[in-house]
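Thanks for making the time this morning. I would like to walk you through a few individual residues, with the cut-offs stated as we go.

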Amino acid sequence: MKKLNYFKLAIPAKSVNEGFSRAAVSAFAALFDPTVEELSDIKTAVSEAVTNCIVHAYKEKDGVIYIDASAYDNGSVKIKIRDKGCGIADIEKAREALFTTSGDERSGLGFTVMESFSDKLSVRSKIGIGTTVTITKLIKSR
């Protein structure tokens with residue numbers, strides 16, 4: 001696979017930046033002529049990943065969210081969303097539908113939503129080091 005284009009972004013982990021990150025990634029992906037549905041899928045998955053960083057990674061502390069997006073000649077767009085927050089103790093448990101560490105405030109569907117709107121989802125995390133979520137979406141309309 002040959003990388004055709006990429007961008008990197010670092011933003012404060014603040015809720016006001018969730019919409020900005022979704023817009024930045026969707027503008028990047030739009031260069032590869034996705035359908036409205038494909039673009040909506042990317043926006044939704046990115047929104048969930050960034051929201052997880054804001055809500056869970058830094059637990060009301062200041063932090064940074066790092067977004068790297070790349071487009072490849074096979075029509076795929078890969079988006080890495082990374083934080084240097086608290087990390088996830090049990091990734092498999094965290095990926096279960098309805099599991100949340102935030103009580104009644106959250107639905108526990110973030111990873112489920114990300115997975116359903118991407119073609120591939122991977123999650124890596126280390127306690128005290130941070131988490132990287134990689135979303136891959138194939139732009140089939142290319």
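What we have here is a predicted model, in which local features need pLDDT of at least 70 and side-chain atom pairs count only at pLDDT 80 or more, while totals for chains, interfaces and linings use all residues. Residues are numbered from 1 along each chain as its sequence is written, and side-chain values use heavy atoms, with hydrogens and water left out.

Ser26 sits in helix H1, residues 16–30, where helices are DSSP runs of H or I with at least four residues, numbered from the N terminus. Its relative accessible area is 8%, so Ser26 is buried, given that buried means under 20%, exposed over 50% and partly exposed in between, with a 1.4 Å probe and protein chains only. A polar atom of the Ser26 side chain lies 3.1 Å from the backbone oxygen of Ala23. If we set aside neighbours within four places in sequence, Ser26 is in contact with Leu39 and Lys43, contact being heavy atoms within 4.5 Å.

Moving on, Asp33 is in the loop between H1 and helix H2, which spans 36–57, and Asp33 is exposed, at a relative accessible area of 56%. Although Asp33 is not a glycine, it has a positive phi of about 55°. Most residues other than glycine have a negative phi.

Finally, Cys53 is buried at 4% relative accessibility, whereas Cys86 is partly exposed at 29%. Searching the whole structure for disulfides, meaning pairs of cysteine sulfur atoms within 2.5 Å, gives zero.

Technical notes:
Helix = DSSP H or I, 4+ residues; strand = E, 2+ residues; numbered from the N terminus. Polar contact = N/O pair within 3.5 Å; in protein donor to acceptor, adjacent residues only side chain to side chain.
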